[in-house]
Amino acid sequence: MPTLPSVHPDSQPPPRLEYDLERPWNQGVQGTQALPLINDDVSVMRVEAGPGTGKTFGLVRRVQRLLHPDGLAARGREVLVVAFNRVIAKQLETGINEALAASPHDGNPAIRTVHALCLGVIGGDLRLLMDHEREAMLYDVLEEHPELRARLRRQPAANQALHDHEARHVEDVALWQAVFRWLTRHQARLISELPGLLLDSINQGDYSDLQFKYIIVDEFQDLTPGEQNLFFRLRRDGGQFLALGDPRQSIYAFRGNDREGLQKLGAMAAQAGQVVRDVHLPDCQRCPVPVVVAANYLMSHYPPPMTGGSEQAANIHVVTWATPQDEARGMAKAIVDNIRRCPAERHLAMVTRRRFGYWLRDRMLEIQGDLGIDLSFSESILESWPTREAFLFASLLHDADPVTWRMWLAYANSTDGEHFKAPKRNAPAYLRFLRACNDTITERKVVQMADQRPPGQGGANLLDRGQRFKELRAGFVEPHVSFEERIRALFSPDLWIGTATGDAETARADLELLTDKTIALAQERLADHPESDVSDLMRYAIRQMRYLVATREPFVPKTGVQLQVTTLWGAKGVTAEHVYILGMCDEAIPGEYRDGYPGTREEFIEEQRRLLYVSLTRARKTLIFSRARSTTFGEAKQIGLFIRASERGSGRRPRLFASTLLRELVGHLPNAVRGENWAGC
């Protein structure tokens, strides 16, 4: 397993300084570990901070000092704070605004996510590819370029090669040029391109005014090498650069992040003739001591360990249930009871598969119908066929573009929600049709194509998809209604889910979530731009939904809810007094290693380890690990669980086993209790 040095060889430790604790930005600071982060002024600072160590608090107070007249008296426009996603950015914005409310300052700092900053400079209308769109692109590239097909053979290998090129691990110029040609033809961009586009423009002398005197980058280990270089370059001569992060919390290999980015910061500083100042925040103030001990044991090969822990007594349980449905019912009752006992405290449920989240929500609402429950996961919202087709159709009506037409023609019609992914995504026939349209596909041309089968492999599917669009378009009347009524009509389950749909329950839940979140996005636009009409609101909501899915950013949760439900990835930056982790079976975490993962099997397992580390350190008081002991083959397929070979053909219900990662913590967690014998939280 990988190890990390506890001391960076390219750095200098912070000097022993006396800090004035009466300064506004130092008031209320507990302990001493955050004081260098708040007060020290150096060219480059690297802060390794474990979960719950006061990193965010220190960041907020540092910004307050930078802007305060008795601090560095910086102007707001000179300070850039970079957050990893919208949820974290919103939390930082709230914390910084509260700190500045009673603190004199000249303007507020810029607080941006990585991609929002790039889009804001390059242009906000760039069309970014979602994962399933990227998949179709690569099928087209392999179809059009026989030499790449001969070398890479299959789409997963092409995807891996493209990931390696994007992350600058292994260069593949031929593949990139073919991809760039496709992107240009379809007026789109890859999400990974944005930092490179901006950096290249800066290197060519553009955006000379886009520099800041003080740059603070949070979650540095979750950035790609290109993003790390970009933000380092945005620092003005004589300015300060602060990178915060924790390699143990690096969980985004799928987007090409550089887990060793903090370690490599020294080389970047050396090129600028500077030395990194290191600050370590090891003392966890969030989690109870037993949670800290378990987290350290899980990450034994990633020194140094966290220290400390809050004085709060730990409330840890490991619970097993007969089936996933029993788990949903049992955990729903336990969580509702706990919410009633602790209504003023935060409750967070994390699920290893989104189906668990839907079941949990439904069972909880059966117990108490007025509970506020927010589902905050976006990364898998378009996985089911009815939801994906509904979103495609809505996009064609309100924001049609070349990529959306490509995706409408990438599939096979499906009445049961299965087998909709056509071989090669109909690439041979699609490319012929695209050429016949002079690279411009329109609604009129698709309707005309519905009357005659296009040539090439996949032509029959293209004919079916053209007819499907023609029928839907003729049947969908667009009356003068509100944007909310329009969204509900477009995503109505009755329009997309038939009697033959195999997993109608999940599809219905996906459509309901898509409806709620699209309405929320439109409302967000209306609040900022009251003059917007329905078309503008629809276009904005669809583009924002694409952006969130493409970047895999979690939805910003609603305010005033009693329970937030996220995936394990979506919980980054979220904390709660009471944390419940459902689906802790080996078949879900680590689960099955897949060809599409950008790394080796060992790297996959280690990222899952870090994912569990992030998840369990969200808890301030209560931490519940829950799993089922058995399932059915049909249920496992619907959920997305990989059943062991030993359980197939056994003649019995396939068993589900405790996660190997959880089993490592035996001796540091309570023994598992069967749900029927569990007294609850």
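Helix H10, residues 225-233, has seven of its nine residues buried, so it is largely enclosed by the rest of the structure. Buried here means under 20% relative accessible area, exposed over 50%, and partly exposed in between, with a 1.4 Å probe and protein chains only. The buried residues of H10 are Pro-225, Gly-226, Glu-227, Gln-228, Leu-230, Phe-231 and Phe-232. Helices (H or I, at least four residues) and strands (E, at least two) are DSSP runs, numbered from the N terminus.

Some bookkeeping. This is a predicted model: local features need pLDDT of at least 70, side-chain atom pairs count only at pLDDT 80 or more, and totals for chains, interfaces and linings use all residues. Residues are numbered from 1 along each chain as its sequence is written, and side-chain values use heavy atoms, with hydrogens and water left out.

Next, the sheet. Seven strands form an open sheet with parallel pairing, in the order E12-E13-E11-E14-E15-E10-E16. Strands E12 (373-375) and E16 (673-674) are at the edges with a single partner strand each, so one side of each has no neighbour in the sheet. Two strands pair if DSSP finds at least two bridges between them; E10 (residues 315-321) and E16 pair over two bridges.

Now the UniProt record. Its unreviewed entry lists Ala-49, Gly-50, Pro-51, Gly-52, Thr-53, Gly-54, Lys-55 and Thr-56 under "binding site". Positions are in the numbering used here, feature names are shortened, and annotations may be inferred rather than shown by experiment. Where does Pro-51 sit? In the loop between strand E2 (44-49) and helix H2 (55-67). Pro-51 is buried at 2% relative accessible area. Thr-53 is in the loop between E2 and H2, and is buried at 1%. A polar atom of the Thr-53 side chain lies 2.7 Å from the backbone oxygen of Gly-50.

Last, salt bridges, meaning a side-chain nitrogen of Lys or Arg within 4 Å of a carboxyl oxygen of Asp or Glu. The whole structure has 53. One of them joins Asp-40 and Arg-277, with the closest N and O atoms 3.3 Å apart. That pair spans 237 residues, from the loop between helix H1 (35-39) and E2 to strand E7 (residues 276-281). Asp-40 and Arg-277 are both buried. Asp-399 and Arg-543 form another, at 2.9 Å, N to O. Asp-399 is buried at 9%, whereas Arg-543 is partly exposed at 34%. Through shared partners, salt bridges join Arg-127, Glu-133, Asp-399, Asp-401, Arg-543 and Arg-546 into one network.

Notes: A polar contact is a pair of N or O atoms within 3.5 Å; within protein, one must be able to donate a hydrogen and the other to accept it, and residues adjacent in sequence count only if both atoms are side-chain atoms.
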